[in-house]
Amino acid sequence: MNVLLLARLQFAITIIYHFFFVPLTLGLSLMVAIFESIYVATGKETYKRLTKFWGKLFLINFAIGVVTGIVQEFQFGMSWSEYSRFVGDIFGAPLAIEALLAFFLESTFLGIWIFGWDRISKGLHLATIWLVVVGSTISAMWILVANAFMQHPVGYTIEDGRAVLTNFWEVVTNLPIFSHFPHVLSAGLVTASFFMMGVSAYHLIRHNETELFRISIRLASAVGLVATIAVGLSGHTQGQELLVTQPMKLASLEALYNTEDPASLSIITIGNPVTREVLLDWRVPGLLSFMEYNRFTGKVEGILDLEQQYIQQYGPGDYVPPPYILYWSFRAMVGAGLLMILISLVALFIELKNLYAKLGWFIKILPFAVALPYIANTTGWILTEVGRFPWTVYRVLKLPDSVSLALSGGEILISLIGFILVYGLLITATVYLMMKFAKAGPVLTSESPAEFNPSLVAPSEGK
């Protein structure tokens, strides 16, 4: 069995599964904090109910996210011990700060928030959820600092086959951070917005607590519209950053085989991945140069030229990431993003103009649109990680030099099956709990039993 292939498959499964939960945690914590802020400012009970309802769904997502993160770290140490040994000195400080400061800040104040209702003052209770938001944000930043080193290693020297930290500030202010951090944060808000819109639409369709869920859908659609535009703008800066840091990834996601100046943007390119023969290639002249340089001229190096450069610099080998994976991942991500901008805009228009009677059919789309940010997040993550091929640390450490030497293919296969079983149980529990509380609505998190209406938990036929 191919140890490297199995280890890569294991990494892909664990990282993608864990990343299902991270953006929703980032975005939903902020939404909950906004609702509680309005409750404290106005004293209106509706916002307290909204805070508790969305807070419950946030807690379920947060808990599963923590568990999947632990499993992910376990597979790093088990299957990628050579990589862990190489980057240990670099990753030690950022990950220690993330664990000791951000995660403990997040977890501690989340515990106070859960059990602090009516036990501490409203202001203090509000402060705890905002500290959870701060903790989540700081946590994401330090994880991205570590990932940025893999994409663009800086502030280090090689000693005895290991990367040794020489400039911590240079690692923290690494170039990719300035585009990746706002991109991930805004993607989190998009995920939370579409999750909130989908659940709210489910209840509006059933005429369940319409006043309450119209408030949710108004906030979610407004935040979703702003956040999807922010994702696009930060994604644009990431594309310009790739021209400097990872030109092969840029050329691959555009299926640009030959260097061009001005460079064309692909509308659709279909080719044979084995022979590299291009069968269909519709491109807009100069548009890729405009995207990269903000003008319609400028050189963008092609896959074939970069491949020759890398062979001369690093020796014989395969330096081309699979273009078809990068090409279609990029287009799936961008396509989902454009669709989300349109959906957010229409949902906000319907809510502000109260057009539910005329455009009710559109509201029925929203529960299915919850999948869009997950498609965008997953394909974006695939683009980021697969595009770094064949490197784990770009231009420094290759994949075959990163995998654990002591493990056999059979051992990794057994652990891979174990991870799949664990994740299968986790996703079953997550879907069950999310659907149970989301469908029930605020009745399960309301304080007064008198507000409970069994028909809201189990809607009657025809509702």
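View 1. Tyr156 stands opposite Leu165 in E2, and Thr157 stands opposite Val164 in E2. This is a predicted model, in which local features need pLDDT of at least 70 and side-chain atom pairs count only at pLDDT 80 or more, while totals for chains, interfaces and linings use all residues. Residues are numbered from 1 along each chain as its sequence is written, and side-chain values use heavy atoms, with hydrogens and water left out. E1 covers residues 156-159 and E2 covers residues 162-165; the two strands run antiparallel and are joined by four bridges. Strands pair if DSSP finds at least two bridges between them. Two residues lie between E1 and E2 in the hairpin, and Asp160 in the turn has a positive phi of about 55 degrees. Helices (H or I, at least four residues) and strands (E, at least two) are DSSP runs, numbered from the N terminus.

**View 2. The hairpin of strands E3 and E4.** Six bridges pair E3 (residues 265-271) with E4 (residues 278-284) in the antiparallel sense. Leu265 has Val284 in E4 as its bridge partner. Six residues lie between the strands of this hairpin, and Arg276 takes a positive phi near 65 degrees.

**View 3. Helix H12 against helix H15.** The axes of H12 (residues 323-353) and H15 (residues 371-386) come within 8 Å and cross at roughly 150 degrees. Axes are lines fitted to C-alpha atoms, for helices over the stretch in contact, and angles run from 0 to 180 degrees between N-to-C directions. H12 and H15 are therefore roughly antiparallel to each other. Angles under 35 degrees count as roughly parallel, over 145 as roughly antiparallel, 65 to 115 as roughly perpendicular and the rest as oblique. The crossing of H12 with H15 is left-handed; this term applies if the near helix is turned anticlockwise from the far one by less than a right angle, and right-handed applies if clockwise. Contact means heavy atoms within 4.5 Å. Residues of H12 in the contact include Phe330, Met333 and Leu339, and those of H15 include Leu372, Ile382 and Leu383. By class, this contact of H12 with H15 has 15 nonpolar, three polar and no charged residues. Ala, Val, Leu, Ile, Met, Phe, Trp, Tyr, Cys and Pro count as nonpolar, Asp, Glu, Lys and Arg as charged, and the others, Gly among them, as polar.

**View 4. Helix H5 against helix H15.** H5 (residues 122-151) and H15 pack at an angle of about 45 degrees, with their axes 10 Å apart. That angle makes H5 oblique to H15. Asn147, Met150 and Gln151 in H5 meet Trp381, Thr384 and Glu385 in H15. The residues of this contact of H5 with H15 comprise two nonpolar, three polar and one charged.

**View 5. Helix H3 across helix H8.** H3 (residues 45-79) and H8 (residues 210-245) have axes that come within 11 Å and cross at roughly 65 degrees. That makes H3 roughly perpendicular to H8. The crossing of H3 and H8 is right-handed. From H3, the contact takes in Thr46, Tyr47, Arg49, Leu50, Phe53 and Trp54, which meet Leu212, Phe213, Ile215 and Ser216 in H8. Seven of the residues in the contact of H3 with H8 are nonpolar, two are polar and one is charged.
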